[in-house]
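Reader: I'm new to this one and would like to learn how to read it. Could you walk me through it?

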Amino acid sequence: MRLDLYPEEKILEGCKRDDRHFQEVLYRKYARKMYGICMGYAGERPLAQDMLQEAFVKVFRHISGFSGSGSLEGWIRRIVTNTAIDILRKKNRTDLFIENEVTEQSQSPNKWTAPNHMEAGDILKQVKKLPEGARIVFNLFAVEGYTHKEIAEKLNITTGTSKSQYSRARMLLQQWVDKPN
């Protein structure tokens with residue numbers, strides 16, 4: 001199926017009519033990228049696949065509410081992120097956040113930047129190795145662009161815990177980059 005044959009407006013119209021063909025086109029167009037987001041939160045394929053499936057069910061159920069004022073990809077990404085977090089919350093996995101003392105480093109709003117010599121696949125492997133709480137906060141802050149206050153509200157943790165987990169993720173990533181396995 002050639003996805004470039006379909007303009008986004010036509011795909012949207014078809015999805016709003018519950019046309020299975022256009023739903024498949026939309027899914028194929030964005031699934032791979034959204035699966036990568038799910039893997040960032042899940043850390044394991046079966047859970048990431050569940051997240052992706054549930055997210056696209058929500059996308060198709062609510063597509064008539066997409067106003068078109070922003071990008072469709074951004075709208076889908078928000079649904080995928082929220083779905084991933086909801087699934088983790090339902091699995092009671094947010095207890096994996098370690099309440100740490102807020103250090104000077106964790107108060108720093110700077111985002112972690114990977115060294116220029118690292119490829120995307122290598123970076124993702126390192127992020128997957130992070131402890132789950134740190135990985136979730138890292139993805140929300142560094143990848144999705146949420147503030148620590150928003151992360152705290154979303155995950156039902158304190159802002160200090162969000163900052164601490166992000167600091168922990170940065171520290172571990174830096175150690176792993178400096179001394180690769």
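Reader: How many helices and strands does the chain have?

Author: Helices (H or I, at least four residues) and strands (E, at least two) are DSSP runs, numbered from the N terminus. Here the chain has nine helices and zero strands, so from the N terminus on the elements read α-α-α-α-α-α-α-α-α. This is a predicted model, where local features need pLDDT of at least 70, side-chain atom pairs count only at pLDDT 80 or more, and totals for chains, interfaces and linings use all residues. Residues are numbered from 1 along each chain as its sequence is written, and side-chain values use heavy atoms, with hydrogens and water left out.

Reader: What is the mean pLDDT of the chain?

Author: pLDDT is the predictor's confidence in each residue, from 0 to 100. The chain's mean is 84, and 82% of its residues reach 70 or more. Where pLDDT is low, the predicted coordinates should not be read in detail.

Reader: At what angle do α7 and α9 pack?

Author: Axes are lines fitted to C-alpha atoms, for helices over the stretch in contact, and angles run from 0 to 180 degrees between N-to-C directions. Helix α7 (132-143) and helix α9 (residues 159-178) pack at about 95°, with their axes 8 Å apart. Angles under 35 degrees count as roughly parallel, over 145 as roughly antiparallel, 65 to 115 as roughly perpendicular and the rest as oblique. So α7 and α9 are roughly perpendicular to each other.

Reader: Which residues make that contact?

Author: From α7 come G133, A134, V137, F138, F141 and A142, and from α9 come S162, Q165, Y166, A169 and L173. They divide into eight nonpolar, three polar and no charged; Ala, Val, Leu, Ile, Met, Phe, Trp, Tyr, Cys and Pro count as nonpolar, Asp, Glu, Lys and Arg as charged, and the others, Gly among them, as polar.

Reader: Is S162 buried or exposed?

Author: Buried means under 20% relative accessible area, exposed over 50%, and partly exposed in between (1.4 Å probe, protein chains only). S162 has 0% relative accessibility, so this residue counts as buried. Leaving aside its neighbours within four places in sequence, S162 touches V137, H148, I151 and I157. Across the chain, buried residues make up 43% of the 181 residues.

Reader: How many disulfides does a search of the whole structure find?

Author: A disulfide is a covalent bond between the sulfur atoms of two cysteines. The search finds zero of them, taking a pair of cysteine sulfur atoms within 2.5 Å as the test. As for cysteines, C15 is buried at 1% relative accessible area, and C38 is buried at 0%.

Reader: What is the phi of D18?

Author: Most residues other than glycine have a negative phi, and most peptide bonds are trans. D18 is not a glycine, yet has a positive phi of about 60°. You'll find D18 in the loop between α1 (8-16) and α2 (20-42), exposed with a relative accessible area of 52%. N156 also has a positive phi, near 60°. N156 sits in the loop between α8 and α9 and is exposed at 69%.

Notes:
Contact means heavy atoms within 4.5 Å.
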